Amino acid sequence: MKKSSKKSSLPYLLLAGAGAAYFIRQLLHVSLTRHTVESEKIPAAFDGYKVLHLSDLHNNRLLCRDDRLLERIKRLSPDIIVFTGDIIDSLIPQIELASDFASKLTKICDVYYAPGNHEARIAQRDILFRQLKNAGVKMLFDSREEIEKGGDIITVTGLMDPKFERGSIIRKTHDNMHITLKLRELSPIDETKYNILLSHKPEHFSIYANYHYDLIMSGHAHGGQWRFPFFGAVFSPGQGLFPAYTSGMYTTRDSTLIVSRGLGNTKLPLRINNPFELVLVTLKKTEPV
């Protein structure tokens with residue numbers, strides 16, 4: 001009788017073990033997604049230029065202290081790294097952990113950073129920003145920089161999250177107004193150049209495109225947290241159920257949006273079918289038709 005009981009419980013134990021292994025993998029595995037973005041506006045010197053997109057680290061202690069991740073990033077040989085916000089988590093803002101990770105990234109190549117909503121929530125954000133700047137991070141706070149290579153130039157612009165100006169919880173309409181005003185202040189862009197925009201929240205894609213940015217990079221959605229076949233992403237802050245922009249590449253008119261699934265979690269730590277992500281974007285020049 002006892003032997004029969006052990007045999008009958010074995011499938012459940014195996015299933016529980018497989019489930020535990022799956023969820024542990026979701027907490028540790030970092031996938032690599034490669035995108036190629038083509039445009040005749042990309043200068044010849046930037047043909048093949050590699051941009052590594054990181055987002056939503058949220059003080060992920062395991063990844064911040066994982067030298068294997070840094071070695072993996074080095075092997076990708078990015079020309080620049082862009083970070084689209086939430087390098088810390090406002091629930092437990094570990095500034096030293098985030099700034100130490102950033103300092104290791106700046107030893108690989110130039111790092112450009114636009115802050116997210118979690119940075120806006122913490123009282124110590126000035127300390128965080130000072131430490132990131134001291135680590136060599138290029139801070140894009142509603143500002144633009146030119147990147148020069150071989151005599152050619154592209155631009156990279158970074159927006160601060162609307163919560164920096166509005167404070168507490170903001171309705172989406174107010175977010176839209178804020179983003180529009182900031183992009184208007186930064187206008188006009190030189191449309192003869194190739195222009196990249198870093199902005200934490202992807203749900204404003206149509207507004208970004210109105211201002212003629214060629215490539216927009218965002219995070220915030222955490223890949224929709226849970227992803228299922230046929231249904232896709234389940235939920236994203238700012239977009240709600242079955243969000244439109246959570247992972248991958250989207251296009252509208254002459255603008256391309258690339259959304260990172262991020263490198264960490266916040267209030268909801270459990271991901272399903274949605275591993276952490278490095279995003280490597282390669283620029284490819286095309287000839288005019």
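Start by selecting Asn117. Leaving out residues up to four places away in sequence, Asn117 touches Asp86, Asp161, Lys163, His200, Lys201 and His220. The model on your screen is predicted, and every stop on this tour refers to that model.

Keep Asn117 selected and show the secondary structure. Asn117 belongs to helix α5, which covers residues 117-121. Is Asn117 buried or exposed? Its relative accessible area is 4%, and buried means under 20%, so Asn117 is buried.

Next, select strand β9, residues 215-218, and look at its two sides. Leu215 and Met217 lie on one side of β9, Ile216 and Ser218 on the other, and all four are buried. Both faces of this strand are therefore covered.

How many bridges join β8 to β9? There are three, and the two strands run parallel. To see the pairing residue by residue, select Leu198 and find Met217 in β9, which stands opposite.

Move on to β14 and β15. These strands pair in the antiparallel sense, over five bridges. Select Thr251 and look across: Thr256 in β15 stands opposite. Then go to the turn of the hairpin, where two residues lie between the strands. Arg253 takes a positive phi there, near 50 degrees.

Then colour the lining by residue type.

For the last stop, select the cysteines Cys64 and Cys109. Cys64 has 2% relative accessibility and Cys109 has 10%. Both values are under 20%, so Cys64 and Cys109 count as buried. How many disulfides are there? With a disulfide taken as a pair of cysteine sulfur atoms within 2.5 Å, the count is zero.

Definitions and conventions:
Residues are numbered from 1 along each chain as its sequence is written. This is a predicted model: local features need pLDDT of at least 70, side-chain atom pairs count only at pLDDT 80 or more; totals for chains, interfaces and linings use all residues. Side-chain values use heavy atoms; hydrogens and water are left out. Buried means under 20% relative accessible area, exposed over 50%, partly exposed in between (1.4 Å probe, protein chains only). Contact means heavy atoms within 4.5 Å. Two strands pair if DSSP finds at least two bridges between them.
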